[in-house]
Amino acid sequence: MHGRAYREYGAIMTFMKKAVFAAMVVALAACGKSEEKSSSGQVAAIVDGKEISVLQLNQAMKNMPNVTADNADAVRKQLLDRLVDQQVVLNKALEEKVERSAEVISSIEAAKREIITRAYLTNMVSSRIKPSPQQVKAYFDGHPELFSARKVYNLQDIALPPGTAIPDELKALVERSKGLQEVAEWLKSQNVKFGASSYSRPAEQVPTDALAVLKDQKDGAVLIVPMDGNPHIVKLIGAIVSPMPYDQAKPLIQTFLVNSEGQKLIKSELAKLKEKSKIEYVGAFAKSADTAVAKPEAKPAEKNNSHIEKGVVGLD
């Protein structure tokens, strides 16, 4: 098996593993309950007597990005086909009692813990944090590079390893270069590993530290740009002005503000819950816990992504 066939096989196997495991969590959570019709009375498909409800299909649709009125029917059909494939394999897995292995039981319990925890945090954030119209408008007005003066950037990009120090010789080379070929050849001569790519991205998908540099550059500029704190050498092939109107930006800003404030709320709430909880580390873990308390907490590196498209965070 070679090339494309091998990649497709790998993609199918990855999907099937995730799909069957997710379905098994749901199936085992329902163990011990009598067979019931779906509460809505609507069934989308039946696989060897096992129903796939419209409720399941609708839930899967909620997790699909970029669904529009134009493609909704096609996406639903594709999702239903996947749910059918999932159920076919799940039925066989349960027939062979795969769910009784220690590894699967442990994984299912871990998944249940994650799902329940994330649901609690998501509900907490969505119920407590509701950005006001004034906050949304202030964010829109305060970030023209994302909205009223938004651009789509066409870039050639050389990504250097995280933490790479930029020597003066390389800085001088970048300043006089009109393209990245000469830069790439210099990096190769110095045995510096790097990745090269070309892409177009709208402003909201560009890390904010990079956007702060790129927004005022002219087409053709070659420069060193930080992306999430890591060094990149880019050539700005072109930037097309593509404003985002307020009505379109409003739901994205609301989601971003909920997400941003939600992280602070989660951190605060977790500290309060831990303070009220009795936590004991046992055996060798007790020494590790004592050592961790004694050392000052290291501040994690902050990512500078704008990510106004993201939803409510959980324990990311």
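Modeller: Buried means under 20% relative accessible area, exposed over 50% and partly exposed in between, with a 1.4 Å probe and protein chains only. This is a predicted model, in which local features need pLDDT of at least 70 and side-chain atom pairs count only at pLDDT 80 or more, while totals for chains, interfaces and linings use all residues. Residues are numbered from 1 along each chain as its sequence is written, and side-chain values use heavy atoms, with hydrogens and water left out.

Colleague: Does Phe147 count as buried or exposed?

Modeller: Phe147 has a relative accessibility of 0%. Because of that value, Phe147 counts as buried.

Colleague: What kind of aromatic pair do Tyr139 and Phe256 form?

Modeller: A search of the whole structure finds four aromatic pairs (ring centres of Phe, Tyr or the six-membered ring of Trp within 6.5 Å; planes under 30 degrees apart are stacked, over 60 edge-to-face, the rest tilted). The rings of Tyr139 and Phe256 have centres 5.2 Å apart and planes at 45 degrees, so this pair is tilted.

Colleague: Which residue forms an aromatic pair with Phe140?

Modeller: Phe140 counts as buried, because its relative accessibility is 10%. The ring of Phe140 takes part in a stacked pair, 5.2 Å centre to centre with 25 degrees between the planes, and its partner is Phe147.

Colleague: The charged end of which residue sits over the ring of Tyr246?

Modeller: Ring pairs link Tyr246 into a cluster with Tyr139, Phe140, Phe147 and Phe256. A charge sits over a ring if NZ of Lys or CZ of Arg is within 6 Å of the ring centre and within 35 degrees of the ring normal. Over the ring of Tyr246, 5.8 Å from its centre, sits the charged end of Lys137.
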